[in-house]
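Biologist: Could you walk me through one part of this model, the helix packing and the pocket that goes with it? I'd like the residues named as you go.

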Amino acid sequence: MNANQFFKAVEQLQGWRETAFLLALAERGFVNYALFADALALKTGAKMRQLLDLSWGLLQEDTEESAIPQMLTKLEALAPDVDAYDAYGVYPAYDFCRLLEGALLSRLNPGKHRASEAAQWATGTVMSFIEVSEGDDLDEDDLVRLLDQHPLMKDDKQFQRELVLSLKRQRVPTESYVEELKALAENGGISNIGISLQD
């Protein structure tokens, strides 16, 4: 699947598949939020984990849609204000919140396409992390090369492509399939920027 095919496939995601795509991207970035909350002793990590798990439940048909506005309000309360913190970690944490918000909104209002933008946000988190951690003294050409060849960028690309292909093949979001998708996104507890809660 080349880049054009990938973008086209993402554009074609609809309904539960689009929500699942956004949830999987959020799941991949959850550790970024959890570590940020932990480092600043915010005590919001467990509440956010609970909210993310509830959000996965939205893929099952019998979920009450009336619960989603409350979930969005809760997310807003747990999301960090990027201007309030001096630590770089606030950005990946906030990116995670944006992806989860997108997933909830896509379930609430399936008519508006959100997956393409979300795919770019998720990749943007990885790019900015590499720039901040390794790209300080590089000129533009070297930075482009670094991003192009970086293992984290390759992982992100591979994960998003696997995700889209898997969603295209699946007819309905069975419980076992959702578990499988969640496990793929959890990536053994390693986030999209290569950090884990064991770090």
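Modeller: Helices here are DSSP runs of H or I with at least four residues, numbered from the N terminus. This is a predicted model, with local features needing pLDDT of at least 70 and side-chain atom pairs pLDDT 80 or more, while totals for chains, interfaces and linings use all residues. Residue numbers start from 1 along each chain as its sequence is written, and side-chain values use heavy atoms, with hydrogens and water left out.

Let's start with H4, residues 67–78, and its neighbour H5, residues 90–108. Their axes (lines fitted to C-alpha atoms over the stretch in contact, with angles from 0 to 180 degrees between N-to-C directions) come within 10 Å and cross at roughly 170 degrees. H4 and H5 are therefore roughly antiparallel (over 145 degrees). Who touches whom, counting heavy atoms within 4.5 Å as contact? On the H4 side you'll find Ile68, Pro69, Met71, Leu72 and Leu75. Facing them from H5 are Cys97, Leu100, Glu101, Leu104, Leu105, Arg107 and Leu108. That contact splits into 10 nonpolar residues, no polar ones and 2 charged ones. For the classes, Ala, Val, Leu, Ile, Met, Phe, Trp, Tyr, Cys and Pro are nonpolar, Asp, Glu, Lys and Arg are charged, and the others, Gly among them, are polar.

Now for the second largest pocket, which H4 and H5 each line with at least two residues. A pocket is an open set of points on a 1 Å grid where a 1.4 Å probe fits, with protein on both sides within 12 Å along at least five of seven lines, and its lining residues have an atom within 4 Å of a point. This one holds about 170 Å³ of space, counted as the space filled by probe spheres set on the points. The lining is Leu72, Leu75, Glu76, Ala79, Tyr94, Cys97, Arg98 and Glu101. H5 gives the most, with 4 residues. By class, 5 of the lining residues are nonpolar, none are polar and 3 are charged. Leu72, Leu75, Cys97 and Glu101 are in this lining, and they also belong to the contact between H4 and H5.

H4 has another partner in H3, residues 45–57, and these two pack at about 150 degrees with their axes 11 Å apart. That makes H3 roughly antiparallel to H4. From H3 come Lys47, Met48, Gln50, Leu51, Leu54 and Ser55, and they meet Met71, Lys74, Leu75 and Leu78 of H4. Here the classes are 6 nonpolar, 2 polar and 2 charged. Keep an eye on Met71 and Leu75: both touch H3, and both touch H5 as well.

Arg49, Asp53 and Trp56 of H3 do the touching, with Val178, Leu181 and Lys182 of H9. This contact has 3 nonpolar and 3 charged residues, and no polar ones.

For comparison, the largest pocket holds about 410 Å³. Among its 16 lining residues, Phe7, Thr123, Met153, Asp156 and Lys157 are the closest to its centre. H8, residues 151–169, gives the most to that lining, with 6 residues. The lining has 8 nonpolar, 3 polar and 5 charged residues.

Technical notes
Angles under 35 degrees count as roughly parallel, over 145 as roughly antiparallel, 65 to 115 as roughly perpendicular and the rest as oblique. Contact means heavy atoms within 4.5 Å.
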